[in-house]
Amino acid sequence: MNVPLRAPAAGFTLIELLVVMGILTGFLLMLAQLVDGGLRLFGEGELGQALADRASTAQRRVTAELSLLRGAGSQRDAAQVVDRLVVQELPLGLPQRPERGISKGQVLRGAVRLPPDRELPLLDAKIAAELLRDDPKLTGEELDKRIRAARQGMPLRGHGNLLLLPWRQEGSDEALLELRAAWLLPGQIVPVGPDRFVDPFDVPLPGSPDLPGLAAWTLTQPLVSDLLHVEFQLWAQDTRQWARDDGRTGGGVALRCWDSARGGWLVDAAAGGAFPFDRGPASAADARDDVHPHALLCRIVVAQPAEYAPEGLLAADLAVDDTVLRLYDGDRFPGPADGGWLKIRTEWIAYAERSGDELRGLRRGLRNTSAKDHVSGARVHVGRSVEFVVPVLHAKDDWNG
């Protein structure tokens with residue numbers, strides 16, 4: 001009996017299997033790249049939005065305070081200086097004996113308009129400081145009773161003083177700063193030591209024994225945190241342009257220091273800068289020659305949120321005089337290829353170009369910082385910059401008038 005042979009079972013040859021596996025592998029690779037690219041774009045979008053939100057918040061808060069600055073009127077018949085504005089460049093932290101090469105920041109003190117909800121607690125604090133100066137043993141209910149009694153019949157004046165100063169933010173990242181603020185009534189005294197009280201707006205040099213750095217820090221509170229840089233420029237009568245961000249100056253640029261009373265406080269770098277229109281101590285008591293700027297430009301750089309991966313990391317040590325910087329994975333560095341800014345620890349650096357993993361043409365120690373050595377693995381900050389101009393309401397901005 002003949003049994004018919006079965007046809008051989010259909011299947012794939014080894015070559016066919018290899019071809020199919022290759023196609024599937026290529027497809028999976030493309031899919032992975034698409035997913036990775038999508039995740040990267042999503043992450044960059046989230047990061048960009050977070051930085052934009054931070055920059056917007058910083059601008060809004062600082063604008064709200066600077067918009068309250070009071071410029072001097074003509075004051076032809078004034079007997080004393082009332083609305084003073086002083087901007088000085090001083091060492092961060094206001095140390096009494098600053099180390100060589102320490103970074104500097106601008107300290108702003110100016111007269112401002114005060115809304116009632118801000119003036120009332122300041123009035124209580126001013127009365128309490130004066131009572132404790134005269135009787136340090138006052139406490140509790142007796143102190144509260146005397147504050148209420150002294151406040152009776154005191155009218156609200158609607159103006160006071162603002163103190164703004166940058167400070168290194170608490171934490172391990174030396175690059176981060178916070179802008180601190182304090183609001184005071186005219187003539188308000190604050191404690192600066194055992195049985196010592198002072199009006200911070202009567203002190204020529206913050207950080208001196210008259211107003212120690214610790215006292216200034218205690219007096220203030222954070223207005224904006226997680227900053228890399230904050231800078232003020234002041235438009236004077238002969239100003240024709242804002243100073244460029246690279247620190248290079250020309251004729252008619254805005255000023256970085258100011259003393260509206262022109263009273264001899266700003267005469268050299270040790271005093272926090274030189275104000276070119278200073279007229280000496282005799283001018284301090286003459287309100288008729290006071291002068292305020294037209295406007296202030298504020299330049300702020302906010303830091304990337306700490307929860308995101310660093311913008312860059314040093315791939316090799318960077319010596320104090322190096323002009324080339326090597327990054328880990330320069331392709332992911334968010335700075336522009338045709339030049340930009342970065343901050344490592346306390347030092348600001350400008351670079352001319354990015355080529356692969358290298359940043360070339362470095363200019364070191366900019367924005368009132370000093371060039372330093374940095375070790376491999378140090379975090380490289382870029383952040384987000386925002387600039388805005390705040391006009392100053394004034395009736396006298398001409399020092400010839």
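Reader: Which helix and strands each supply at least two residues of the lining of the largest pocket?

Author: Good place to start! Keep in mind that this is a predicted model. Helix H1 (14-66) is one such element, together with strand E12 (312-313), strand E14 (340-344) and strand E20 (384-391). Among the contributors, H1 gives the most to this lining, with six residues.

Reader: How many residues line the largest pocket, and which lie nearest its centre?

Author: The lining is made up of 31 residues, and those nearest the centre are Leu47, Gln304, Glu311, Arg332 and Pro334. The space in this pocket comes to about 760 Å³.

Reader: What classes of residue make up the lining of the largest pocket?

Author: Sorted by class, there are 14 nonpolar, nine polar and eight charged residues.

Reader: Let's turn to cavities. How many of 30 Å³ or more does the structure hold?

Author: A cavity differs from a pocket in that a probe fits inside but cannot get out. Here there is one cavity of 30 Å³ or more, and the volume of the largest cavity is about 30 Å³. Its lining includes Leu90, Pro91, Leu92, Gly105, Val107 and Trp167. Strand E1 (85-91), strand E2 (104-113) and strand E3 (159-168) each give two or more residues to that lining, with E3 providing the largest share, three residues.

Reader: And what classes of residue line the largest cavity?

Author: Eight are nonpolar and two are polar, with no charged residues.

Reader: Where do I look for a nonpolar core?

Author: Here is the general idea: in soluble globular proteins, nonpolar side chains tend to be buried together. In this model, the largest nonpolar core has 51 residues. Val62, Leu66, Leu108, Leu164, Trp258 and Ile300 have the most contacts inside that core.

Reader: Now the cysteines. Are Cys257 and Cys298 buried or exposed?

Author: To read burial, compare the relative accessibility with a cut-off: buried means under 20%. Cys257 has 7% relative accessibility, so Cys257 counts as buried. Cys298 is at 0% and therefore counts as buried too.

Reader: How many disulfides does a search of the whole structure find?

Author: The search finds zero disulfides.

Key: Residues are numbered from 1 along each chain as its sequence is written. This is a predicted model: local features need pLDDT of at least 70, side-chain atom pairs count only at pLDDT 80 or more; totals for chains, interfaces and linings use all residues. Side-chain values use heavy atoms; hydrogens and water are left out. On a 1 Å grid over the protein atoms alone, a cavity is a set of points where a 1.4 Å probe fits but cannot get out, and a pocket is an open set with protein on both sides within 12 Å along at least five of seven lines; lining residues have an atom within 4 Å of a point. Grid points are joined across faces, edges and corners, and a volume is the space filled by probe spheres set on the points. Helices (H or I, at least four residues) and strands (E, at least two) are DSSP runs, numbered from the N terminus. Ala, Val, Leu, Ile, Met, Phe, Trp, Tyr, Cys and Pro count as nonpolar, Asp, Glu, Lys and Arg as charged, and the others, Gly among them, as polar. A disulfide is a pair of cysteine sulfur atoms within 2.5 Å. Buried means under 20% relative accessible area, exposed over 50%, partly exposed in between (1.4 Å probe, protein chains only). A nonpolar core is a set of buried Ala, Val, Leu, Ile, Met, Phe, Trp, Tyr and Cys residues joined through side-chain atoms within 4.5 Å.
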